[in-house]
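Student: I have not seen this structure before. Could you take me through it by question and answer?

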Amino acid sequence: RSALLVAGLVGLGRLDAEAAGRLSGRHGLRLGHRSNWTRMIDQAAGFGQSGTVLLLAGTGLQAASFVDVPPAHVYHAVAALKGTGLEFTARMIAAEALART
């Protein structure tokens, strides 16, 4: 649960990258984990493609429960949504990740 909290806070910009790196390293949160999905959503966000980001966020968060969602996916989804102007959706996903764990 703490991994999802940190992931959401970093994605929303409420916790700086240095503090997140320390927490991730100390507690094995794996926020820096990279995959094809994280690269795609980051690239879509970089191009300002909010629709693509929304679709990728939906696919990257697919699991039986939020316990099975990698914290890196929550971080990248929340950051990409916020970065493309969908901050309300980003906040809701971060809150749901905590509420459902």
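Predicted model: local features only at pLDDT ≥ 70, side-chain atom pairs only at ≥ 80, totals over all residues.

Student: Which residue just after α1 takes a positive phi?
Tutor: The place to look is just past the end of the helix α1. The phi there is about 80°, and the residue is G13.

Student: Is V78 buried or exposed?
Tutor: V78 lies in helix α5. Buried means under 20% relative accessible area. The relative accessibility of V78 is 0%, so V78 counts as buried.

Student: What span does helix α6 reach from its first C-alpha to its last?
Tutor: Helix α6 covers residues 87–99, which is 13 residues. At 1.5 Å a residue, a span of 18 Å is expected. The model comes close to that, with α6 reaching 18 Å.

Student: Within what arc do the buried residues of α6 fall?
Tutor: The buried residues of α6 are A90, I93, A94 and A97, and they pack against α1 (2–11) and α5. The face turned away from them carries the exposed residues F88 and A99. Seen down the axis of α6, the buried residues line one face of the helix, because they fall within an arc of 95°.

Student: How are α3 and α5 arranged relative to each other?
Tutor: Two packed helices are described by the angle between their axes and the distance between the axes. For α3 (residues 36–46) and α5 (residues 71–83), the axes are 9 Å apart and the angle is about 10°. Angles under 35 degrees count as roughly parallel. Therefore α3 and α5 are roughly parallel.

Student: How many residues in the contact of α3 with α5 are nonpolar?
Tutor: On the α3 side the contact is made by W37, T38, I41, D42 and A45, and on the α5 side by H73, H76, A77 and A80. Three of these residues are polar and one is charged, while the number of nonpolar residues is five.

How values were computed:
Residues numbered from 1 in each chain as written. Heavy atoms only, no water. Axes fitted to C-alpha atoms, helices over the stretch in contact; angles between N-to-C directions. Helix = DSSP H or I, 4+ residues; strand = E, 2+ residues; numbered from the N terminus. Parallel < 35°, antiparallel > 145°, perpendicular 65-115°, else oblique. Contact = heavy atoms within 4.5 Å. Nonpolar A, V, L, I, M, F, W, Y, C, P; charged D, E, K, R; others polar. Expected span 1.5 Å × (residues − 1). Buried < 20%, exposed > 50% of the residue type's maximum accessible area, 1.4 Å probe, protein only. Arc of directions from axis to C-beta.
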